[in-house]
Amino acid sequence: MNTNTKGLLKSLLLVGAFILMSVLPANALILQWNLTYYSGDHGVIVGDGSQTVLDGNDGTPVGVTADADYFFYRWSDGITDNPRTDLAVTEDITVTAEYLLLAPTSVYVDDDYFDGGANDGHIWGYDAFDNIPDGVSSVAENGTVYVAAGAYEYTSEIGISTPGVTVTGPTPVDMEALPAVKNYDCGRVFNITANEVSIIGLKLEQTDDMYNYCYNSPVVRVGLVTDTTIESNEIAGGYVGIANYYEGGDSIISNNIIHDNDQYGIVIWQGAHSISGNEISNNSWGIGMACGPDGCGSNYNLSGTTISNNNIYGHSQGGIQYSAGDQAATVTIGPNNDIHDQLDNIAILTNANNLSITGNKIHDSINITTGLHIENNEGIVNAKNNWWGSDSGPNISGVWAGSGDTITPPDADTSVFYRPFCTVEDCSEASTLEIDPTALEDNFTSGTFAIVGDDYTNTSQIMVTEELTIAVTDGDGTSKVILPSGTIITKIGGGNIDGSLLEASELDEATVTGLASGDVVYGALNWGIPSLGLEFSTPITISIYVGTDLYNQTLAIKRSTDGVTWTSTGIVAPAECVVDIDGMCTFQATKASSYVGYDEYEMEETQHGNTGSISLTYNNPTPTGDGETSQTVGMGQSVSVGTLSTEGLNLFTYVDSVAHFKALHSSTYTYGEHTMTITGLDMAQQIVSFKIESDPQYFSLTLGNETQVDLDGDNIKDIKVKFSALSVNRIEMTLKSLLTKTGTVNGDTTTPTQTKLCAYTFTRDLSAGMSGADVKELQKCLNSIGYTLAASGAASPGWETSFFGSLTKAGITRFQQANGLTVNGMLDAATRAKLNGPSVAPTTPTGKYMFTRNLYLGMSGDDIKELQKLLNNKGYQVASVGAGSPGNETMFYGYATRAAVMKFQSANGISPVGYVGALTRASLNK
């Protein structure tokens with residue numbers, strides 16, 4: 001080949017190579033590939049996570065090790081091999097490992113799920129199952145098993161041994177379409193052996209394979225656990241519907257339909273249970289309290305248990321059977337249970353001190369013997385304020401001839417407090433009692449008079465449990481003493497009294513001495529205990545017959561403890577009456593003595609002998625403070641008392657009365673409007689508690705002491721307040737401005753007079769279950785500084801007890817919240833120091849309300865009112881009008897509150913069960 005030919009061939013080869021390179025893909029020239037493996041969250045790479053291989057070659061093995069509590073699920077390209085080896089690689093590969101929790105916090109059960117199905121996006125065998133037992137065994141502690149509508153049938157029980165598990169049907173719950181869960185081998189449906197388990201929104205039945213009820217064992221058994229919630233289920237077919245046996249405790253059983261169980265709908269033996277909102281019917285017994293198919297026990301601790309808002313009816317034996325014995329703290333049946341149409345509506349088989357049956361409808365018992373059947377009880381059964389099926393009340397042989405259900409037996413060993421009873425079905429009206437004054441002592445055995453202790457002839461206080469009218473008839477007319485329900489009677493100066501000596505009788509006007517010459521007595525009445533002065537926590541009403549010829553005349557009122565020395569102290573202002581057309585002179589009094597009417601005259605009260613009397617004379621109180629003008633605010637009234645000046649104002653007021661005033665502000669030297677409310681009064685210790693609405697600010701003063709108040713938050717005191725005088729339950733306060741209009745500040749503006757917050761000095765820690773004189777002093781202190789433990793009854797102002805129960809714990813908790821203390825419901829060292837210290841600091845919360853306890857249907861309390869307020873403010877309206885609506889919030893947790901809570905829970909990622917638990921409280925407290 002010549003040189004020219006070689007050159008031509010070389011050129012052609014170069015052109016061909018250029019053409020070939022132009023038409024081939026760019027990557028045809030790449031001879032190696034990159035393999036990148038990422039561990040992702042919750043694991044680490046094992047092997048070479050960054051490799052380079054030649055085209056068509058294999059990579060080396062690469063795997064991951066998962067962190068604790070996780071397992072490897074798959075790689076991001078869907079491959080599940082671990083380790084993986086990529087073979088014959090022809091491209092770059094980049095993947096990330098993916099993981100799942102070892103136990104999912106949410107599991108989904110649907111009888112239509114299957115391996116290979118879509119399963120609503122859940123993972124079959126991990127968080128998606130077609131049966132409940134697998135779901136329960138797979139879910140994590142405190143997790144939730146969501147059960148879809150469908151039919152679930154098993155031949156063995158579903159055991160729940162993981163703490164905190166919730167098994168729930170669809171929410172909101174539709175009681176007409178619950179997922180049906182059956183044990184058709186006549187066994188338990190659920191056996192709960194872990195704490196804090198919840199069963200919600202399921203239809204639970206014990207049947208045989210022909211779907212007949214078995215009555216063989218409990219449908220739901222609760223073992224040695226606490227804090228179980230069983231809510232919004234239908235439960236039938238066992239020998240017990242829900243069995244919380246000897247070792248269990250503290251359960252919530254609410255809004256269930258429990259029917260057709262052979263022995264009991266619900267059995268409880270130990271713990272503080274809440275049973276509310278259930279419909280319990282057609283069992284042998286509705287609820288057994290320390291009673292079950294094996295018999296009834298005694299002396300089981302059910303303290304704190306409440307049974308409320310249930311419909312209990314149609315049982316072959318009875319509604320509620322009680323055999324738990326005396327209790328350390330109250331067990332309450334009520335309010336708002338409807339217990340009817342069975343042999344015995346309620347049966348008590350043992351001692352039942354501290355069992356309260358109140359606010360219920362108990363009616364139409366089939367066995368004529370009993371709406372309330374009592375055996376072997378040597379204590380007192382509190383069965384007040386119930387509707388017995390008739391406006392005439394219950395029938396008690398030889399005691400009370402009402403036409404409602406019968407209470408039996410009223411024998412010498414059994415005392416039943418049944419008055420007042422409800423006279424209308426909704427219990428909006430209670431019975432009143434008009435008695436002959438010679439029968440006063442009988443009211444201690446009927447429950448109309450309740451006492452402190454167990455001896456009414458030696459007691460420190462007597463409480464009137466229903467409105468009581470004592471009719472005193474003379475030859476011309478009938479005078480009356482009317483004692484409101486809740487009135488507490490105590491001896492002036494303290495000490496015990498003999499209640500059997502109470503008397504009401506006519507006082508002969510001609511025998512009245514000690515009045516001014518020329519005074520004419522038109523009517524007179526004895527009421528009280530001879531030789532003693534008594535006082536009342538609320539004013540009583542007295543009507544003295546003075547004759548129709550005095551119609552429309554004004555008479556003055558006075559009283560005496562000896563019929564000789566007279567005073568208007570203890571007569572509600574203006575201490576006078578206008579005689580009505582029936583000849584009655586009607587007035588109110590806060591002290592008991594003899595009462596008469598005559599012309600104006602006044603003497604100071606002294607203690608002598610005899611019953612007590614009242615005369616009719618005008619008493620215009622004389623100020624003892626150093627103010628220049630005087631104003632009076634009547635009991636329970638709200639009155640404007642004008643503008644404060646440096647001359648001062650003597651203010652006569654009562655507990656719960658409100659005085660509106662204007663005062664200069666040091667920050668602007670303009671007048672601001674404020675109110676002063678007396679929130680508490682300790683007569684024995686002479687301590688008054690009050691608040692001034694500018695933060696608000698709370699104070700306590702002992703008699704004769706004073707404090708100074710900053711109204712506008714600039715740390716300069718604007719007014720001075722002095723506790724000037726005390727007369728029965730009327731308080732004289734002196735209010736003065738520390739500022740003049742020209743800008744002058746008068747007096748000490750930095751340090752107010754400091755008085756002890758509590759008169760008593762606490763020296764030991766106190767907690768629930770303890771008792772002693774210092775517990776009573778603690779209750780007195782809390783009641784006096786604005787943390788009222790109860791509106792009436794035990795622990796209420798003037799009715800304090802020596803037992804540290806749930807009311808005392810709640811009051812301490814509110815005090816600790818308000819004062820930045822550790823919230824534990826105990827009187828610990830820090831709380832004692834605060835209560836033993838000065839009273840100038842505010843003692844109630846000025847910031848956000850904090851919820852500290854679980855709340856649920858049927859409960860009541862101040863925190864429920866705060867819950868309704870919060871829900872309304874955040875757009876989860878409890879009601880649009882009426883009770884629960886904005887501005888009309890109530891203290892009762894009803895269905896409207898529950899519905900609003902469910903809306904809040906749904907919006908905040910919480911299972912909408914309508915129960916305010918720890919998660920919901922945390923969200924509310926944010």
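The questions and answers below move from the whole chain to its strands, a helix and its aromatic rings.

Reader: How many helices and how many strands does the protein have, and what share of its residues counts as buried?
Author: The model is a predicted one. Its secondary structure comprises nine helices and 66 strands. Of the 926 residues, the share that counts as buried is 51%.

Reader: What share of the contacts with a separation of 6 or more joins residues 24 or more positions apart?
Author: A contact here requires heavy atoms within 4.5 Å. Among contacts in the protein with a separation of 6 or more, those between residues 24 or more positions apart make up 59%.

Reader: In what sense do E13 and E16 pair, and in what sense do E16 and E19 pair?
Author: Strand E13 (residues 180-183) and strand E16 (residues 203-206) are joined over four bridges, with Ala180 opposite Lys203 in E16. E16 also pairs with strand E19 (residues 234-236) over three bridges, and there Glu205 faces Ala236 in E19. The sense of the E13 and E16 pairing is parallel, and that of E16 and E19 is likewise parallel.

Reader: Is Tyr184 buried, partly exposed or exposed?
Author: Tyr184 sits in the loop between E13 and strand E14 (190-192). Beyond its neighbours within four places in sequence, its contacts are Glu153, Tyr154, Thr155, Thr207, Asp208 and Asp209. Buried means under 20% relative accessible area and exposed means over 50%. Because its relative accessibility is 28%, Tyr184 counts as partly exposed.

Reader: Which strands are the edge strands of the open sheet of five strands?
Author: The order of this sheet is E57-E59-E66-E65-E64, with mixed pairing. An edge strand pairs on one side only, and this applies to strand E57 (629-632) and strand E64 (706-709).

Reader: Which residue in E59 is the bridge partner of Thr629?
Author: E57 and strand E59 (residues 649-654) pair in the parallel sense over four bridges. In E59, the partner of Thr629 is Leu649.

Reader: Against which helices do the buried residues of H5 pack?
Author: Helix H5 (residues 806-818) has 13 residues and reaches 18 Å from its first C-alpha to its last, close to the 18 Å expected. Its buried residues are Thr808, Gly811, Ile812, Thr813, Phe815, Gln816 and Ala818. These buried residues pack against helix H4 (773-784) and helix H6 (829-835).

Reader: What kind of aromatic pair do Trp269 and Tyr300 form?
Author: The structure holds 14 aromatic pairs. In this pair the ring centres are 4.9 Å apart and the planes lie at 80°. Planes over 60 degrees apart count as edge-to-face. The pair of Trp269 and Tyr300 is therefore edge-to-face.

Reader: How many residues apart are Trp269 and Tyr300?
Author: Trp269 lies in the loop between strand E23 (264-268) and strand E24 (274-276). Tyr300 lies in the loop between strand E28 (295-296) and strand E29 (306-308). The pair links distant parts of the chain, and the separation is 31 residues.

Reader: What kind of pair do the rings of Tyr876 and Phe904 form, and how many residues apart in sequence are the parts they tie together?
Author: The ring centres of Tyr876 and Phe904 are 5.4 Å apart with their planes at 85°, so the pair is edge-to-face. Both Tyr876 and Phe904 are buried. Because Tyr876 lies in the loop between helix H7 (862-873) and helix H8 (895-907) and Phe904 lies in helix H8, the pair ties together parts whose separation in sequence is 28 residues.

Methods: Residues are numbered from 1 along each chain as its sequence is written. This is a predicted model: local features need pLDDT of at least 70, side-chain atom pairs count only at pLDDT 80 or more; totals for chains, interfaces and linings use all residues. Side-chain values use heavy atoms; hydrogens and water are left out. Helices (H or I, at least four residues) and strands (E, at least two) are DSSP runs, numbered from the N terminus. Buried means under 20% relative accessible area, exposed over 50%, partly exposed in between (1.4 Å probe, protein chains only). Two strands pair if DSSP finds at least two bridges between them. The expected span of a helix is 1.5 Å times one less than its number of residues. Rings of Phe, Tyr and Trp (its six-membered ring) pair if their centres lie within 6.5 Å; planes under 30 degrees apart count as stacked, over 60 as edge-to-face and the rest as tilted.
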